[in-house]
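Here are my notes on this one, in the order I'd go through it on screen. Have the model open alongside.

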Amino acid sequence: MVDRSEKSIKRRDLIKTSIAAVGAATVLAANASPAAAQTSSSADAMAGKRTVYTGETIQGKKVVSALDVNDLEPGKKHLLYLQGVQMRTGEHWYVSVIVARGAKPGKRVVLTSGVHGDEMSSVHTVMTVMNQLDPAQMSGTVMAVTDIARPAMLAIQRKWPNSSRSIDLIDMNRVWPGNENGTAPDRHAALVFNRLLRPNADAAIDFHTGTTGFEVSAFNIASMDVPETKAMAELYPVGQILDMPQNAFPTTLHNALLAAGVPAICPEVGAARVLDLPMIAQFVEGTMNVLKQHGIIAGPLGRTGKDVRVFVGRGAVPVAATHGGFVEHLVKLNDKVEAGQKIAIQRNSFGEVVAE
Ligand SMILES: [Zn+2]
């Protein structure tokens, strides 16, 4: 106990004085906890295992503060919680981890969703893929994390509601690879990135949808100048690829992984807040292709980008309303339109057309 408080005082010295006392206390708590967990599993550490069990069980699932999928029993599915950032009330945010560890060794692919909290179809895509896997027949490992920004999912909204110096809404897909000494979402991102995702990934796919209020078609975001990510995106029977250079949005999860040496892409499974089952099926087929390409599962490839004559674009433009009122679309997504063509009208509460 004496050791730990001395350590805490030293840590406090490192923290900039501009951080409010409550914020600093939370940082200390978050750092103290994994250290305590590591002490409790010294036997595992001596056995060369990098997985750290905290000793807790939540709703029947064991809790880890760090994971190496190679420590898990082969040929089985494992359901765990990763201990994420600690809240100022003392509890942690936990994220759900599903690991299908193949009977034979091989590549490790990571699937993630829930970096934004209003994106249902992406979560369902990951769950569907995991439910189709039989670890006894697999060579390699697939790990899924479905609910990375837990508080955003709780509120069914894009951003993490964070209360530090003021009330903020933090976009979790602009903070990667995180910072263990930052705000709560920064620290959470760092814990998830450093202790769960990066150490267990030879390739990664971070599933999203559009954000609330947008109609969006199916597409994949990938750096097409990186051969590994280009190959992954082209394995999806999805009609559009948005070629986005890695440095355009370096703090997104897929680009932070790419910067850390893990080829990663970002599929966009349609609109937020809906379960689009036909569209989900396209992304499941593509993901199974990626697992086949990496030799994790056997069998012939399904349909790919070639079968849908995939279109690769260099930009995406949201068409935003120019007036308050009720929108009526006059064209469907992916319809061909010409310059000057009317694509939507808006009416006011009296039913009068106020914008075209
Ligand atoms: Zn998203």
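1. Overall burial. Of the 356 residues in the protein, 41% count as buried (20 or more other C-beta atoms within 10 Å of a residue's own, with C-beta atoms placed from the backbone; 12 or fewer is exposed, in between is partly exposed). Bear in mind that this is a predicted model: local features need pLDDT of at least 70, side-chain atom pairs count only at pLDDT 80 or more, and totals for chains, interfaces and linings use all residues. Numbering starts from 1 along each chain as its sequence is written.

2. Inventory. The secondary structure comes to nine helices and 16 strands, taken as DSSP runs numbered from the N terminus (helices are H or I, at least four residues; strands are E, at least two). Among contacts between residues at least 6 apart in sequence, 61% join residues at least 24 apart; a contact means C-beta atoms, placed from the backbone, within 7 Å.

3. The sheet. It's an open, mixed sheet of 11 strands, ordered β1-β2-β3-β4-β6-β5-β9-β12-β10-β11-β13, where pairing takes at least two DSSP bridges between two strands. At the edges sit β1 (52-58) and β13 (311-313), each pairing on one side only. On average, neighbouring strands are turned by 30 degrees against each other, direction ignored (axes are lines fitted to C-alpha atoms, for helices over the stretch in contact; angles run from 0 to 180 degrees between N-to-C directions).

4. A pair to look at. Strands β3 (residues 76-86) and β4 (residues 92-101) run antiparallel and are joined by nine bridges. Leu79 has Ile98 in β4 as its bridge partner.

5. Helices on the sheet. Helix α6 (residues 184-197) packs on the sheet and touches strands including β2, β3 and β4, with its direction at about 150 degrees to that of β3. Helix α7 (residues 227-234) also packs there, touching β9, β10, β11 and β12, at about 175 degrees to β10.

6. The core. The largest nonpolar core has 82 residues, and Leu82 and Val97 have the most contacts inside it (such a core is a set of buried Ala, Val, Leu, Ile, Met, Phe, Trp, Tyr and Cys residues joined through C-beta atoms within 7 Å). Helix α6 gives the largest share, eight residues. Beyond its neighbours within four places in sequence, Leu82 touches Val97, Val192 and Leu196, among others.

7. Helix α4. Buried residues here include Met120, His124 and Val129, and their cover includes β5, β6 and α9 (277-293).

Technical notes:
Contact = placed C-beta atoms within 7 Å.
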